[in-house]
Structures are given as C-alpha cells and as structure tokens.
Amino acid sequence: EGDLQSTFLARLVVAPMMMTTLLFGSNLMSKLGFRDPYVFLDKVCIHQADSVLQRAGIRKLGAFLRVSDRMLVLYTSVYLKRLWTVYEVASFMTMHEVEQLEMVPVMLPIAFFLVLGGHASFQL
C-alpha cells in the first residue's frame, strides 16, 4: 500500500513539475544569465514498456552520464528496486564526485508547493 501511495504521489507531483521545467525552465534560466542546460530525463528517454528499446536506452546511459555535470534523482521508495536505476546511480558515482549527485525525496517538492500555495492564498 505504501508503494502504491508513493507512486501515486510521484505521478501527481513529478509530471506537472517536469512539464513546467520543460516548458519554462530554459527561458527562466537564460533570463537569469545561465547557459542553456541539456537535460536527460531517463523516465522519458528510456522506454518504459518495450524491453528491447529499454535495453538499448540503458546501454547508452554511460554516454549521457559521462557528459553530465550533475544528477538529480527524485527519489521514491521504488526507485532503487529497479536494477537499471541502481546501475544509473552506480555508473554516475564511478565518474563523478558525490557532491554532484542530489537525491530529493518526492515528498519534498510536494511540501514546497503546499507551503507555497498556502503562502499565496494568504496574500490574496
């Protein structure tokens, strides 16, 4: 039951955050003077249903991780239960310093938006 609840919460929060980042993140960062980032979203770039396409994507993970400056993991209780996500983190750690890996529990963004929403409602 806990895994189902975590999965539901992850989809409820991660999808809107991902779409917001994809749609507006680059514009916001360039307006703040940052260079345009290149983003690899494994959930989107590695096929989730077709095992042949999934294996092909997993084989290419090292190439993406090698040129990555950092790795952000939106962590749920099921994240380290899939072998390829364990491989992804282990591969990144062999090529980068631990400071370049950031693991954020999915509950943290939920709490942030709840607080932000509560703050905004008091300002109305």
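This is a chat about a predicted model of a protein chain.

Student: How many helices and strands does the protein chain have?
Tutor: The protein chain has six helices and two strands.

Student: And in what order do the elements run from the N terminus?
Tutor: From the N terminus on, the order is α-α-α-α-β-α-β-α.

Student: In which sense do strand S1 and strand S2 pair?
Tutor: Strand S1, residues 71-75, and strand S2, residues 101-105, pair in the parallel sense, over five bridges. To get from S1 to S2 the chain passes through H5, and this β-α-β crossover is right-handed.

Student: Which residue in S2 is the bridge partner of methionine 71?
Tutor: Leucine 101 is the bridge partner of methionine 71 in S2. For leucine 72, the bridge partner in S2 is glutamate 102.

Student: Switching to glutamate 88. Where is its place?
Tutor: Glutamate 88 sits in helix H5, which covers residues 83-95.

Student: What is the nearest side chain of opposite charge to glutamate 88?
Tutor: That is arginine 82, at 7.0 Å. Glutamate 88 is buried and has no salt bridge.

Student: OK, then with which side chain does the side chain of glutamate 88 make a polar contact?
Tutor: With the side chain of tyrosine 79, at 3.2 Å.

Student: What else is glutamate 88 in contact with, leaving aside neighbours within four places in sequence?
Tutor: Besides Tyr79, the list holds Phe40, Asp42, Leu61, Leu65 and Met71.

Student: New topic: alanine 56. Which helix is it in?
Tutor: Alanine 56 is in helix H3, residues 51-59.

Student: Why does alanine 56 count as partly exposed?
Tutor: Because its relative accessibility is 31%, and partly exposed is the class between under 20% for buried and over 50% for exposed.

Student: How far apart are the C-alpha atoms of alanine 56 and isoleucine 46?
Tutor: They are separated by 8.3 Å, and the two residues are 10 residues apart along the chain.

Student: Last one, on the whole chain. What percentage of the residues is buried?
Tutor: Buried residues make up 23% of the 124 residues. As for contacts with a separation of 6 or more, 66% are between residues 24 or more positions apart.

Key:
Residues numbered from 1 in each chain as written. Predicted model: local features only at pLDDT ≥ 70, side-chain atom pairs only at ≥ 80, totals over all residues. Heavy atoms only, no water. Helix = DSSP H or I, 4+ residues; strand = E, 2+ residues; numbered from the N terminus. Buried < 20%, exposed > 50% of the residue type's maximum accessible area, 1.4 Å probe, protein only. Lys, Arg positive; Asp, Glu negative; His and termini not counted. Salt bridge = Lys/Arg side-chain N within 4 Å of Asp/Glu carboxyl O. Polar contact = N/O pair within 3.5 Å; in protein donor to acceptor, adjacent residues only side chain to side chain. Contact = heavy atoms within 4.5 Å. Pairing = 2+ DSSP bridges. Right-handed = clockwise from strand over helix to strand, strands pointing away.
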